[in-house]
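Please keep the sequence and the model at hand.

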Amino acid sequence: MKSWPHPALPSLPGRGGPVSVHDTASGQVRATAPGEVAGLYVCGITPYDATHMGHAATYLAFDLLVRAWRDAGHQVQYVQNVTDVDDPLLERAAATGIDWRDLAVRETDLFRADMTALGVVPPDVYLGAVETVPRAAEAVRGLVERGAAYRLGSSGDVYFDVAADPRFGDVGGYDAATMERLFAERGGDPGTPGKRSPLDPVLWRAEREGEPAWDGGSLGAGRPGWHIECVAIALDHLGSGFDVQGGGSDLVFPHHEMGASHAQVLTGSVPYAQTYVHAGMVGLDGEKMSKSRGNLVLVSALRAAGEEPAAVRLAVLAHHYRDDWSWSDAGLATARERLSRWRSAAARPSGPDAGRVLDGVRSRLADDLDAPGALAVVDAWADAALAQPADADEAGGEGTTSLVADVVEALLGVPLRPAS
Ligand code: 5CA
Ligand code: ZN
């Protein structure tokens with residue numbers, strides 16, 4: 001699947017230091033320790049509706065990680081999926097009388113346009129579930145061969161036996177009751193009769209009347225379960241033990257827990273990912289923003305209303321990626337003002353010491369992607385620049401404003417120069 005165009009990344013003097021992020025599995029902020037190539041898998045959209053600010057915030061969080069890793073001298077192998085066949089997509093397509101494939105294409109196109117506008121660095125590998133069904137089916141057959149999966153006689157569906165992974169539960173660290181609750185809330189089927197454990201997730205859903213299906217070889221016709229799709233793509237393009245598995249915090253359980261277990265049993269290698277990084281949930285009026293609730297602020301609607309993407313970006317970056325927060329017009333207004341101040345300061349011929357901005361933004365981002373801290377560094381510089389008479393002979397001298405503009409564009413993705 002094609003991804004989207006790469007934003008400009010001005011080069012900066014020197015290098016950023018090692019990047020630490022919060023790991024859900026250990027509950028600690030830990031240094032990522034990639035080799036030359038840093039491996040990142042971020043769970044992509046289910047394209048049955050337009051991108052909302054919650055999705056955008058999650059992709060912006062990992063965009064900061066990619067930028068910080070690049071600045072630290074790593075190449076980044078960034079892999080993302082599109083869940084372009086799944087129950088909610090099929091249901092929405094049926095309800096609106098549109099072919100599910102057309103719906104997925106339409107919403108994925110809109111997502112690409114939104115990501116391009118927001119200056120999000122694209123994944124290097126962007127793959128749909130549909131185009132990777134054969135790989136997912138192979139992974140399911142591998143789990144059957146290892147005795148970690150079983151077929152339900154009633155439906156022919158194949159389930160993963162969570163007891164096959166002694167480390168099951170390590171990603172989220174939840175107790176059994178919480179796992180059961182979250183499993184039921186987030187697409188699982190704890191009540192399906194005949195399962196060994198209520199938590200066992202489906203690996204291969206046998207063909208149903210009116211649903212798309214693919215040849216699964218010994219599995220019969222059907223389609224893969226959600227978790228194994230991501231695992232098949234990640235193992236193919238990153239291999240076991242890659243650096244960061246990312247997504248929103250609603251994916252900790254069951255999605256990332258099950259994915260880790262599938263992969264660990266399939267490969268015999270532990271851990272699946274070195275670090276599990278989760279972005280907080282963005283809400284509106286105190287409720288999680290979600291397609292199913294319909295309380296959405298869409299990136300495309302903001303763009304259509306003439307909102308500048310750089311302001312939208314700053315409205316998101318004013319929040320730490322791990323926090324849950326609510327989108328508001330007031331937050332967007334603050335972001336517009338900030339953008340305008342930064343631009344006024346950057347338009348001056350010179351300003352205060354830019355090296356402190358470079359070091360400060362680098363060190364804030366290296367510390368668990370502290371975007372609000374990075375914004376405060378730039379705010380302090382802009383305030384000092386604007387407080388000086390326009391013709392003052394500044395300490396930083398010529399080139400300072402240009403370096404600050406490069407720092408802000410390369411590390412925060414916010415262009416300060418007038419569009420040429
Ligand atoms: N296709 C699956 C992942 S394989 C999926 O969860 N799709 S999604 O469209 O529902 O969400 C896409 C990404 O946005 C996921 O990483 C999800 O965790 C994140 N996300 C969804 N809702 C929110 C929200 N309200 N706030 C922050 N992130 C969110
Ligand atoms: Zn996923």
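Where is the place of Ala387? Ala387 sits in helix α12 (residues 371-387). Helices here are DSSP runs of H or I with at least four residues, and strands are runs of E with at least two, numbered from the N terminus.

## Basis of the model

This is a predicted model, in which local features need pLDDT of at least 70, side-chain atom pairs count only at pLDDT 80 or more, and totals for chains, interfaces and linings use all residues. Residues are numbered from 1 along each chain as written, chains are lettered from A and ligands numbered from 1 in the order written, and side-chain values use heavy atoms, without hydrogens and water.

## Ala387

Ala387 has a relative accessible area of 64%, so it counts as exposed. The cut-offs are under 20% for buried, over 50% for exposed, and partly exposed in between, with a 1.4 Å probe and protein chains only. Ala345 is 42 residues from Ala387 along the chain. Their C-alpha atoms are separated by 9.5 Å.

## Zinc site

Which residues are the protein donors of the zinc ion (ligand 2)? They are Cys43 (SG), Cys230 (SG) and His255 (NE2), at 2.1 to 2.3 Å from the ion. Donors are N, O and S atoms within 2.8 Å of the metal (3.2 Å for Na, K and Ca); water is not among the atoms, so sites may look incomplete. The spacing of the donor residues in sequence is C-x186-C-x24-H. Cys43 lies in the loop between β3 (37-42) and α1 (53-71), while His255 belongs to helix α7 (residues 252-267). This pair is 212 residues apart and links distant parts of the chain. Cys43 and His255 are both buried.

Four donor atoms surround the zinc ion (ligand 2), and their angles of 100 to 121° make the arrangement tetrahedral. That label requires four donors with all angles between 85 and 135 degrees. The ideal angle for four tetrahedral donors is 109.5 degrees.

## Cavities

There are three cavities of 30 Å³ or more. A cavity is a set of points, on a 1 Å grid over the protein atoms alone, where a 1.4 Å probe fits but cannot get out; lining residues have an atom within 4 Å of a point. Points are joined across faces, edges and corners, and a volume is the space filled by probe spheres set on them.

The largest cavity has a volume of about 110 Å³. Its lining has 15 residues, with Ala57, Ala61, Val316, His319 and Tyr321 nearest the centre. α1 gives the most to this lining of the largest cavity, five residues. Why does the largest cavity lie between the domains? Domain 1 (20-284) and domain 2 (309-319 + 329-412) both give residues to its lining, so it lies between them. Domain bounds come from an automatic or database domain assignment.

The second largest cavity has a volume of about 60 Å³. Residues lining it include Gly16, Asp71, Arg362 and Leu411. Here α11 (354-366) supplies at least two residues, and with four it gives the most.

## Second largest pocket

A pocket is an open set of grid points with protein on both sides within 12 Å along at least five of seven lines. The second largest pocket has a volume of about 230 Å³. Of its 15 lining residues, Ala117, Leu118, Gly119, Gly413 and Pro415 lie nearest the centre. α9 provides the largest share of this lining, three residues. Domain 1 and domain 2 each contribute at least three.

Note on methods:
Four donors count as tetrahedral if all angles lie between 85 and 135 degrees; four count as square planar and six as octahedral if opposite donors are over 155 degrees apart and all others between 65 and 115; anything else is irregular.
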